[in-house]
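Welcome, and thanks for taking a look at this model with us. Please have the sequence and the coordinates open as you read on.

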Amino acid sequence: MNIIATILQLVGSLAFLLFGMKMLSDGIQKSAGSRLQAALSFMTGNRLLAFITGLVLTFIIQSSGATTAMEVSFVNAGLMTVKQSVGVTLGANVGTTITAWLVVFFGFNFKISAFAVPIFGLGYIITLFKKWNKQSLGEAIMGFGMLFIGLSWLSDTIDPDNGTLNFLRHFADFGVWSILIGIIVGMLITALIHSSSAETAIVITMAYNRLIPWEFAAALVIGSNIGSTIDAVLASLRSSANAKRTALVHVLFNVAVVLLVCIFFTPFLNLIDSIVPGTPEDNITYHIAALHTVLKTIAALLCLPFTGQIAWLMEKLIPEDPDATPTEYVFEFNETAGRENATSYIVRVEKEIQDMTVLVTKMFEGVSEGFKNRDESFIEQHMEELTRQEDYADQMKEKITRYLVSCSHLPMNTQQLGSLSIMQQIVDDLEEMTDDCYNVALLLKKSIEKNMEFAQEDMERLDPYMDLARQSMYFVSTNINKHLEEDKLIIAREIEAQIDVFRHTLKKVARKRLEAGANVKSELLYIDLVRQIEKFGDRAYSIANALSEF
C-alpha cells in the first residue's frame, strides 16, 4: 500500500508541475497574443538577431517546444527561411535552460514553495476582476504558483527517508552503461512529457534529495536534448519540405550535441565542476543547471557561424516537394505538436488559406481558357483538371473547418478567437468561388456540346467583365491574411460596383435579344454565365470585408 500511495503521490506531483508550466506558458502567450508572431516575423538574414530572438522568446514563454513549433509553422507559411530558422533554433535551445535556473533559485534556495499557495490565490483573484482585463496574467501567476507547489510535493515524495524510490540509485552502479541508460531514460521521459524544462526540474529535485548521483543526473539532462525534438517533428508532419528541414535542424543539432558530450563526457563534467563553486555533492542543483546551460550555449555558439551551410545541408537531405497537387487533401490537427502554442496553429491555418487562394486563382485561369477557345479543346484539356480541383477545394473546406473548430478549444485571447471566426468566413467564400468557377466551366462545356452560337460581339462584351472578376480575385490573393485598411477596401468596393454595372448592362442586352427572337437556350445560358461571374465578384468582395476586420 505504501508503494501504491507513493506512486499516486508521484504522479499527482508531476501533474501539478506539468500543468503549472503549461498554465504559465498559456497565460504568457495569451497576454502576448499576436506580438509573439510579430517577434518571429521580424527575422532578417542576421543570424545573431535570429539567435537572440529565439533565446528571448523561449525565455518569455518558458517552452522551447512552443518556440520551435511556431518556428516550423512560420517556415511552412513562407514567413521565414530555413537559414533564419537555424538561428532561432539555436537560440531556443539556450533559452530553455533558463527554467532550470528558476527552479534552482526559487525552488531550493529561496524556497518559494512556502509562498506558492498565496501566489496561486493572487492569480485567481486577478482572473475574477473582468474589468481589469488581466485574466491571462492571472492564469500565468496561477501557473507559476502551481509549478512550485508540484515541485515541493515532488521533493517530499522522493525524499530518501521514504525509501520507496531508493532503487533508482542502482542505475548508477553499471559504470559506462549507467551513462547510456541515463541518456536513454532522459530522452524517453522528455519525449513523454514534451518538456525538457520539466524533465530537468525533476532531475534537479531527485539529485537535491540525494536520490541519484551527479554523473547519472548529468546523463539524464543530456538525454533530454534528444527527447525535446519531439514537438518539432510532430509540428512538421504533413508540412512543406522547408518545414521538415527546420525540424531536421532541431533533431540533428540535439543529436550531435549528445554524441559530442558522450565522447567527452568526463572532461565536460570536469569543466562544469571548475566553473561552479563547491563540489557536486555540496552544490548539485547549480551543477545541473550550469551543465544544461553550458552544454547548449557552447554547441549553439559553435554552430552559429555556419547557419548558411547548415541550411544548405538540409536542402540536400530533404528534396523539394513535387509541384503537382495531390488528389487527397490532408490537414490534421495534432495537439501534441506545440500544443501550448496557439500562435503556431493560427500561422499554419493561414498557410492553408493562402494555398486555397492559389487554387481559386488556378481554377479561374483555367475557366478563362474556355472563353478564349470555346471548342472541344477546352473540354479535353481543362475539364478533368477543373473537376479534380473543385473536389479538392471541397476537401479543403471540410478539413480546414474541422481544424478551426479544434483551434477554438486552445488557450487563445479574444483577438485570436475573432481571427478564427473571420478565417472560417474566408474559407467558406473561397470554396464558393471554386464552385462558381466550376459552374462557369460546366456552362461553357454545355454550350460547346450543344453547339450553341453566340455573336462575336456578345462574347467580346464578356472580356472586360471577366477582367474585372480577375482584378477582384488578384486583389484577394494579394491581401489574403492581412488586415485591410479603409483605402484598400474602397478599391475592392469600386471593383464590385463596376461588376454590378456590367452585369446589369449585359443582362439587359441579352433580354433585348430574346425579345427580338434570338435563340432562347443560348440567351438563357448567356445570362447564367453573367450571373455566375457576378457571384464570383460578390465572394471576393465578401472576403475583402472580412479582411478589413482581421
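Among contacts in the chain between residues at least 6 apart in sequence, what percentage join residues at least 24 apart? The figure is 81%, where contact means heavy atoms within 4.5 Å.

## About the model

This is a predicted model, in which local features need pLDDT of at least 70, side-chain atom pairs count only at pLDDT 80 or more, and totals for chains, interfaces and linings use all residues. Residues are numbered from 1 along each chain as its sequence is written, and side-chain values use heavy atoms, with hydrogens and water left out.

## Overall picture

The chain has 22 helices and 0 strands. Both kinds of element are DSSP runs numbered from the N terminus, with helices being H or I of at least four residues and strands being E of at least two.

Of the 550 residues, 51% count as buried. Here buried means under 20% relative accessible area, exposed means over 50%, and partly exposed lies in between (1.4 Å probe, protein chains only). The chain exposes about 24,700 Å², and carbon and sulfur atoms supply 62% of that area. Accessible areas come from the Shrake-Rupley method with a 1.4 Å probe; for residues, only the protein chains shown count as cover.

## Nonpolar cores

A nonpolar core is a set of buried Ala, Val, Leu, Ile, Met, Phe, Trp, Tyr and Cys residues joined through side-chain atoms within 4.5 Å. The largest one has 72 residues, and Phe371, Ile400 and Ile426 have the most contacts inside it. Among the helices that each supply at least two residues of this core are helix 17 (342–372), helix 18 (376–407) and helix 22 (520–548). Helix 19 gives the most, with 14 residues.

Leaving aside neighbours within four places in sequence, Ile400 is in contact with Tyr329, Phe331, Val349, Glu352, Met356 and Val427. A second, separate core of 59 residues includes Ala116, Ala201, Phe216 and Phe268.

## Salt bridges

A salt bridge here is a side-chain nitrogen of Lys or Arg within 4 Å of a carboxyl oxygen of Asp or Glu, and by this rule the count comes to 13. Glu365 pairs with Arg470, their closest N and O atoms being 3.2 Å apart. Glu365 lies in helix 17 and Arg470 in helix 20, so this pair ties together parts that are 105 residues apart in sequence. Glu365 is partly exposed at 26% relative accessible area, whereas Arg470 counts as buried at 19%.

Asp436 forms a salt bridge with Arg539, with closest N and O atoms 3.0 Å apart. This pair also links distant parts of the chain: Asp436 is in helix 19 and Arg539 in helix 22, 103 residues apart. Asp436 is buried at 2% relative accessibility, while Arg539 is partly exposed at 21%. Salt bridges that share partners join Glu365, Asp467 and Arg470 into one network. Within helix 18, Glu385 and Arg388 sit 3 residues apart, about one turn of the helix, and their salt bridge has its closest N and O atoms 2.5 Å apart.

## A surface patch and a buried serine

On the surface, Leu48, Ile52, Val56, Phe59 and Ile60 form a nonpolar patch with about 420 Å² of accessible area together. Patches are made of residues with over 30% relative accessible area and no salt bridge; like charges are joined within 9 Å, and nonpolar side chains (Val, Leu, Ile, Met, Phe, Trp, Tyr) within 5 Å. Phe59 lies in helix 3 (residues 47–61) and is partly exposed at 40% relative accessibility.

Is Ser522 buried or exposed? Ser522 counts as buried, at 4% relative accessibility. Ser522 has its place in helix 22 and, leaving aside neighbours within four places in sequence, is in contact with Met452, Glu453 and Phe454.
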